[in-house]
Amino acid sequence: MSDLTQLDIAGARDALGKGDCSAEELTNAYLDAIHEADPLNAFITVLPGKAVEMAKESDARRKNGEAGPLEGMPLGIKDLFCTEGVKTTAASHILDGFTPAYESTVTRNLWDAGAVLLGKTNMDEFAMGSSNETSYYGPVRNPWRLEGDDNALVPGGSSGGSAAAVAANLCAGATGTDTGGSIRQPAALTGIVGMKPTYGRCSRWGTIAFASSLDQAGPMTRTVRDAAIMLGAMAGHDAKDSTSINTPVPDYEAALEGGVKGLTIGVPEEYRVDGMPKEIEDLWQRGVDLLVEQGAKVKTVSLKRTKYALPTYYIVAPAEASSNLARYDGVRYGLRVPGDDITSMYENTRAAGFGAEVKRRILIGTYVLSAGYYDAYYLKAQKIRTLIAQDFKDAFEDVDLILTPTAPEPAFGIGAKTDDPLSMYLNDVFTVPASLAGLPGISVPAGVSDKGLPLGLQLIGRAFDEETVLRGAYALERAAGFTGKPDAWWRS
Amino acid sequence: MAEAESKLVEGATGPWEVIIGIECHAQVASKSKLFSGAATEFGAEPNSQVSFVDAAMPGMLPVLNAYCVEMAVRTGLGLNAKINKRSVFARKNYFYPDLPQGYQISQFDLPIVGEGEVVLDMAEGITRTVGIERLHLEQDAGKSLHDQDPGLSFVDLNRSGVALMEIVSKPDMRSAEEAQAFLKKLRTIVRYLGTCDGNMEEGSMRGDINVSVRKPGGPLGTRCEIKNVNSFRFVGQAVEYEVGRQIDLIEDGGEVKQETRLFDARSGETRSMRSKEEAHDYRYFPDPDLLPLELADDFIETIRASLPELPDAKKARFVEQWGLKPYDAGVLAGDKASCYYFEKVAEGRDARIAANWVTGELFGALNKLNVEITESPVSADHLGELVDLISDNTISGRIAKDVFEIMVETGDAPGKIVEEKGLKQVTDTGAIEALVDEVIAQNPDKVEELKEKPKMASWFVGQVMKASQGKANPAAVNEILAKKLGL
Amino acid sequence: MLARIAIKDDEVPPLVGELNQILDWVAQLEEVDTDGVMPMTSVVDASAPLRADDVSDGGKRDDVLRNAPDAREGHFTVPKVVE
């Protein structure tokens, strides 16, 4: 039975199609694996009953000849997506007991494609974090550990639960959301593939909002092919989301094998930051070499305002978050802590319901929007954002893809950075610029660190050119040949 | 037409000038809400017209209602205002239980409509031009009930998300009358255009009145905002009270504090409101869930071409085409349905008589019955017939009023009533002569008195009218009496 | 305070320290010349999509009230607000 969990999405699609196994068998195999993986704390809610029910329905559909593109595929869903009738928490105490009466568009698309819901994966509270240590439900442990070392490592964040689940074969694939790197960075730290599509490619309706102008849903999978398959099902225009783009969804899987011959890969000089670990630099160079071997051309490009991307992000995102999170007030859903009057009820509820990082960001966000500071902070940041987007646009005149490391370091120890918020923010240095510009980006596992932990490389593409991004990623993945899987220490 | 002069208020230390600006919230007459598809009908069961978007559930997003955009542009054109081809929706952030999102989606830097103006008819020949600063679209909040329970407030979100047009005037009004006239004019305009039903009792139109006082020629005083005034009468009362309060306060050596106040209809006073957001820092920023609104030229022109004749133009035409007095023309132009009714009555008849009957007897009857002209028991055709009967002397004006009363009660045609009740005017001079002779014969003493007091003639007229049950043609009576009495 | 989050007295100093650190760091944006640059209002280069004025939603009171901590007689309730 545990063999079945070794199948990736493409493999399972094959097996299910040939009748080598049923969706029910596949789902049960994953449920067993999840059951044995408590130490990872990758899931907040597991739904054995519902999963099996959905799997049975899938098998029935297949019998009727109605198989969809993800028919029978058991998936982990980040607990930021509202799932109808299923508790949804955003990993926050303030949403205690909240059960949505509606389904997010992205997950609706997945169920319509035939997929099966295994459970809701753990994450940083309200998607704010880079290590999955801010969850009300406890931190997620990276399935990867240092050789001969029991210490738990972070899986990255905010989609740490989804990343860990995919890396530990607890699901065939998982959804994540990416605001400043929350899909790509944990993918790099756990040795899997994670993609953030162009802003507007996937609908945000029913996805709990963190920073509205940055949030995007995306697939987290074992392979690039799997990411293409999942993205094809997740993406699409949604009239209920005014920022959702009305262009058709191409066949991403068909675009994979185009190869990189004739493509120009840009290497941005500003990403070579001071103090960059040698192993990251080496991996980056190796990535360039691999793509050149495949027939690509390389060009150095300049993204002039790169160093301002992180501070810009840490103004814009908290500002939007401070407003988006105002609705969590104990009136209509979630936690309510009583107060003598309405104001103390609000204050008590939010003080008890939000964790420290969320509070920090709400306060920063409130501050940068307040009278007297709006121009110097928020307005300034939005102007710099225009410049950052322009930098990319200019670079893409000369190149088709941009290659960078995904994260500045491999997975670090749980608790290692929690005392210093600023040092935590620096984890997003390579991923944030593409978020600010709304461009598609993917992380591909490309090697290991000196100590044997996975490292990822990021490819960034033009807006709505996911096909080229996937094509480049597919070539890189095959050339890099990373096949590492962590030892399943959690089963003992 | 002359521009009105500021009416000054006399205080203990001399005259004061009153400066008034109004922010009017007019609910768009749309079927669904500004950013959600829930219904907007008044009076529904609590929380039955609430979508997940209106309830600000996690992950919900706004989508703009095209009809509301059209109505805002239409209203802007009716205010002679500039339409902004590019406008942006912004979040106004504050906490209140009837504001589920914790912010209101409104417009800040770039509203959909810019500057315009409205002309008010104050008295015969006097106008006041009030500038319009802007018009923008925004969400209404829900409703809180504070008297259902001693320790709790109840919240109904039916109204949450309904589309409002906020129309901001420049501080150009100088008296309570002008404030009332402004709101009445706005109401007329939006009802003409069909963009809002202007029903203040149901709350579909409300005004926030900004009042300050200053010595004529002096610097502007601190203003207070009187929120959510929902009747014309209250507008007048609230302004009067507030002006008095501020003048007294300053003359006693105090300072007017800038604050929000509520008008208490029972006491006729304004009182300070505990502020919704103590710091009043709304932290406006463009709503990242929405894209900027871009309007094409032909979109705007199509709306402009579809505008009906507006009140001012109609009034001018009534004066010119029908020869009405400006005041009567103004009263009729105040309501599109009244104009339509009037023009039906006036067609082919003496327009002034028609205007008199419509604005006089008919409006009086409608007021008493508390119905709109669209539900008038007397149809325009019937009223027209009545006017005909007067014009061709079938009945006298006096009798016509009686007939009209019966028309109101029964809805019958005037001709039928006159026939049935035998009310035809007596114009037969022979018959009148006989009556006059009789009255003269029966009242010799009065005839004697008449020689001293010629004005007693009217008594005789009255007697003859009585004797004829009011049916005698008054002009004929006068003529014959004069002959017989040697007047 | 504007964010409606109660902060205990002893939480204030470390919080202020953290916030100041972050604000000092983001202040480096002042270095950038942004004269004549339009602020980005949306990454999406399009204008507001519009929907028709149809009643297509609402009429689901039970769903709307279902998660409320204290709903009574078809209303949400909160501690009494004094205006």
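Predicted model: local features only at pLDDT ≥ 70, side-chain atom pairs only at ≥ 80, totals over all residues.
**Nonpolar cores**

The largest nonpolar core contains 198 residues. Inside this core, the residues with the most contacts are A:L70, A:L110, A:F126, A:L170 and A:F392. If neighbours within four places in sequence are left aside, the contacts of A:L70 are A:I9, A:L110, A:A113, A:G114, A:A115, A:I229, A:M230 and A:A233. In soluble globular proteins, nonpolar side chains tend to be buried together.

**A sheet in chain B**

Three strands of chain B form an open sheet in the order β7-β6-β17, with antiparallel pairing. The edges are held by β7 (103-106) and β17 (285-286) of chain B; each has a single partner strand, so one side of each has no neighbour in the sheet. Strand β6 of chain B, residues 90-93, is joined to β17(B) by 2 bridges, and the two run antiparallel. Opposite B:F285 in β17(B) stands B:R91.

**Interface of chain A and chain C**

The totals for this interface are listed below.

| Item | Value |
|---|---|
| Residues in contact | 60 residues of chain A, 39 residues of chain C |
| Buried area, chain A and chain C | about 4500 Å², 72% of it on carbon and sulfur atoms |
| Salt bridges, chain A and chain C | 2 salt bridges |
| Polar contacts, chain A and chain C | 13 residue pairs, both at pLDDT 80 or more |

On the chain A side that touches chain C, two or more residues each come from α10 (309-324), α11 (342-353), α12 (356-369), α13 (375-395) and α14 (421-425) of chain A. The largest share of that side, 11 residues, is given by α13(A). One of the salt bridges pairs C:E31 with A:K307, with the closest N and O atoms 3.5 Å apart.

**A:Q458**

Strand β11 of chain A, residues 454-461, holds A:Q458. Is A:Q458 buried or exposed? Its relative accessibility is 0%, so A:Q458 counts as buried, the cut-off for buried being under 20%.

Apart from neighbours within four places in sequence, A:Q458 is in contact with A:R184, A:I402, A:L403, A:T404, A:P405, A:T406, A:F430, A:T431, A:I442 and A:S443. For A:F430, the backbone oxygen lies 3.0 Å from a polar atom of the A:Q458 side chain. Between A:Q458 and A:G372 there are 86 residues of separation in sequence and 39 Å in space, C-alpha to C-alpha.

Key: Residues numbered from 1 in each chain as written. Chains lettered and ligands numbered in written order. Heavy atoms only, no water. Core = buried A, V, L, I, M, F, W, Y, C linked by side-chain atoms within 4.5 Å. Buried < 20%, exposed > 50% of the residue type's maximum accessible area, 1.4 Å probe, protein only. Contact = heavy atoms within 4.5 Å. Pairing = 2+ DSSP bridges. Helix = DSSP H or I, 4+ residues; strand = E, 2+ residues; numbered from the N terminus. Buried area = accessible area lost by both parts, 1.4 Å probe. Salt bridge = Lys/Arg side-chain N within 4 Å of Asp/Glu carboxyl O. Polar contact = N/O pair within 3.5 Å; in protein donor to acceptor, adjacent residues only side chain to side chain.
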